[in-house]
Amino acid sequence: MLKSALPIVIIGGGALGLFLAYRLNELFPSKKIIIVDKEKMLGMHSSGRNTGVLHAGIYYKANSTKAQVCVEGAKRLKEWVSARNLPLNNCGKIIVAQERDLDAQLDILFTRGIQNGAKLKILKASELTALFPDAITHSERCLWSPDTSVVNPLDVIRQLEIELKAANITFLLEEELTQVDMGNDTLFLSSGKKIDYCYLFNCAGIFSNIIAKKFNLGNNLRVLPFKGLYWELVEDCPIKVPTNLYPVPDLNVPFLGLHFTPSADKNPKVTLGPTATIALGRENYAGFQSIEPLLALNNLTLIAKEYILNRGSFRRYVNEQAFMIFKKLITKEAKKLIPGIEERHLRLSSKVGIRAQLYDTSKQLMVDDFHCISTHRSTHIL
């Protein structure tokens with residue numbers, strides 16, 4: 001395959017597609033690589049709209065793909081960022097039990113993290129106070145992850161773009177994949193361009209299942225878009241946040257709960273969030289912008305079904321998240337982690353993200369690990 005003179009094509013110019021191109025270029029420096037993205041700039045969606053936390057491998061089930069790549073991946077990314085003098089905040093992370101009866105979850109997370117190769121320590125409440133005076137745990141214990149770090153995701157995207165262009169990798173921006181001729185390994189783009197390829201990688205994020213279906217793959221897979229709103233601490237807030245502060249998550253649903261994150265900036269901003277409410281479209285960042293009526297109807301129907309069946313305490317998730325757009329309720333949740341937080345300390349951030357949660361209709365389950373499927377000349381990261 002790689003001996004062919006035809007190019008490798010990567011659909012999607014987010015972090016996944018860019019780092020894949022970076023690694024392929026290291027392995028095959030003479031190989032032509034083309035990156036296709038529908039936007040005029042890179043990283044305009046999930047890759048540029050997250051908090052930049054490099055997780056240490058605590059949450060994921062042992063032997064899952066996420067667990068296998070998280071610890072080593074975060075280590076390598078930190079080294080990559082440091083070598084380029086990009087902003088990096090090696091601030092660590094604390095996970096606290098926001099309710100006393102969640103204490104046992106700390107042991108589950110500790111065991112998972114150790115199995116995955118993460119460096120972890122159980123701290124007493126007194127040790128928490130010494131490390132983070134404004135934080136609280138409701139169970140006399142917390143979990144400390146010294147290797148969790150924070151980067152600026154857009155800094156990473158911009159640096160990747162510079163280095164990939166210097167390596168003569170081709171970018172086709174404002175282009176969409178409209179049609180595939182699998183018999184001849186040919187792609188047709190929205191501008192009318194035609195590309196013959198030797199291999200294709202689908203890294204299209206929230207649109208990856210749509211791309212896969214053009215290859216007659218993943219017909220049982222749907223994407224549930226969840227909107228994440230962020231809040232941030234105002235400049236004169238007296239609360240100091242020296243490290244990431246997370247609640248114990250409900251391990252039955254794929255969300256980590258509202259958490260405090262200091263940025264990688266020289267004078268770190270602190271964000272609280274994100275929320276995880278159902279979005280009405282794949283790019284429904286604000287109000288009635290980019291609503292997809294059929295997608296919204298299908299997904300709301302699915303959410304209602306999950307609510308009624310209450311698989312994995314899903315009903316509790318919906319009840320907690322439904323009204324998280326209100327500052328009063330956000331503040332109430334934040335107080336479980338930092339009692340001194342007041343409504344006046346928070347303002348709504350301009351940053352909004354949408355998470356692409358994969359749902360398997362054949363199993364009627366949310367997919368909780370990376371899911372890849374392939375043909376003889378393509379791989380789809382869903």
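Me: Before we look at pairs, what counts as a salt bridge here?
Reply: A salt bridge is a side-chain nitrogen of Lys or Arg within 4 Å of a carboxyl oxygen of Asp or Glu. This is a predicted model, and by that rule the count comes to 17 salt bridges.

Me: OK, take Arg141 and Asp107. How far apart are N and O?
Reply: The side chains of Arg141 and Asp107 meet in a salt bridge at 3.1 Å, N to O. Arg141 lies in strand S7 and Asp107 in helix H3 (residues 103–116), so the pair ties together parts that are 34 residues apart in sequence. Arg141 is partly exposed, with a relative accessible area of 21%, and Asp107 is also partly exposed, at 35%.

Me: And Glu283, which residue does Glu283 form a salt bridge with?
Reply: Glu283 forms a salt bridge with Lys38, where the closest N and O atoms are 2.5 Å apart. The pair links distant parts of the chain, 245 residues apart, with Glu283 in the loop between S18 and helix H7 (293–309) and Lys38 in the loop between S2 and strand S3 (53–54). Lys38, Glu39 and Glu283 are linked in a network of salt bridges.

Me: Is Glu283 buried or exposed?
Reply: Glu283 has a relative accessible area of 17% and is therefore buried, since buried means under 20%.

Me: What about Glu235 and Arg347, where do they lie?
Reply: Glu235 and Arg347 form a salt bridge with their closest N and O atoms 2.8 Å apart. Glu235 lies in the loop between strand S14 (221–233) and strand S15 (244–247), and Arg347 lies in strand S19 (residues 346–360), so the pair ties together parts that are 112 residues apart in sequence. Glu235 counts as exposed at 63% relative accessibility, whereas Arg347 is partly exposed at 29%.

Me: Changing topic, which residues of H1 are buried?
Reply: In H1, the buried residues are Gly17, Leu18, Leu20, Ala21, Tyr22, Leu24 and Asn25. What covers them includes strand S1 (8–11), strand S2 (33–37), helix H2 (65–83), helix H5 (153–166), strand S9 (170–173) and strand S13 (199–202).

Me: How far apart are the end C-alpha atoms of that helix, H1?
Reply: The end C-alpha atoms of H1 (residues 15–27) are 18 Å apart, which agrees with the 18 Å that its 13 residues should span at 1.5 Å a residue.

Me: Next, Phe132: buried or exposed?
Reply: Phe132 counts as buried, because its relative accessibility is 0%, and its place is in the loop between helix H4 (125–131) and strand S7 (141–145). Leaving aside neighbours within four places in sequence, Phe132 is in contact with Ile94, Lys240, Val241, Pro242, Thr243, Leu245 and Ile338.

Me: And Phe326, where is that one found?
Reply: Phe326 is found in the loop between helix H8 (314–321) and helix H9 (327–335), and at 46% relative accessibility it counts as partly exposed. Together with Ile325 and Leu329, Phe326 forms a nonpolar patch on the surface, with about 270 Å² of accessible area together.

Me: Now backbone geometry. Which peptide bond is cis?
Reply: The peptide bond from Gly273 to Pro274 is cis, with omega near -5°, and Pro274 lies in the loop between strand S17 (270–273) and strand S18 (277–278).

Me: What is phi for Asn85?
Reply: Phi of Asn85 is near 55°, a positive value in a residue other than glycine. Asn85 lies in the loop between H2 and strand S4 (88–89) and counts as exposed at 71% relative accessibility. Glu140, not a glycine either, has a positive phi of about 70°.

Terms used: Residues numbered from 1 in each chain as written. Predicted model: local features only at pLDDT ≥ 70, side-chain atom pairs only at ≥ 80, totals over all residues. Heavy atoms only, no water. Helix = DSSP H or I, 4+ residues; strand = E, 2+ residues; numbered from the N terminus. Expected span 1.5 Å × (residues − 1). Buried < 20%, exposed > 50% of the residue type's maximum accessible area, 1.4 Å probe, protein only. Contact = heavy atoms within 4.5 Å. Patch = residues over 30% accessible without salt bridge, like charges linked within 9 Å, V, L, I, M, F, W, Y side chains within 5 Å. Areas by Shrake-Rupley, 256 points an atom, 1.4 Å probe, with all protein chains shown as cover.
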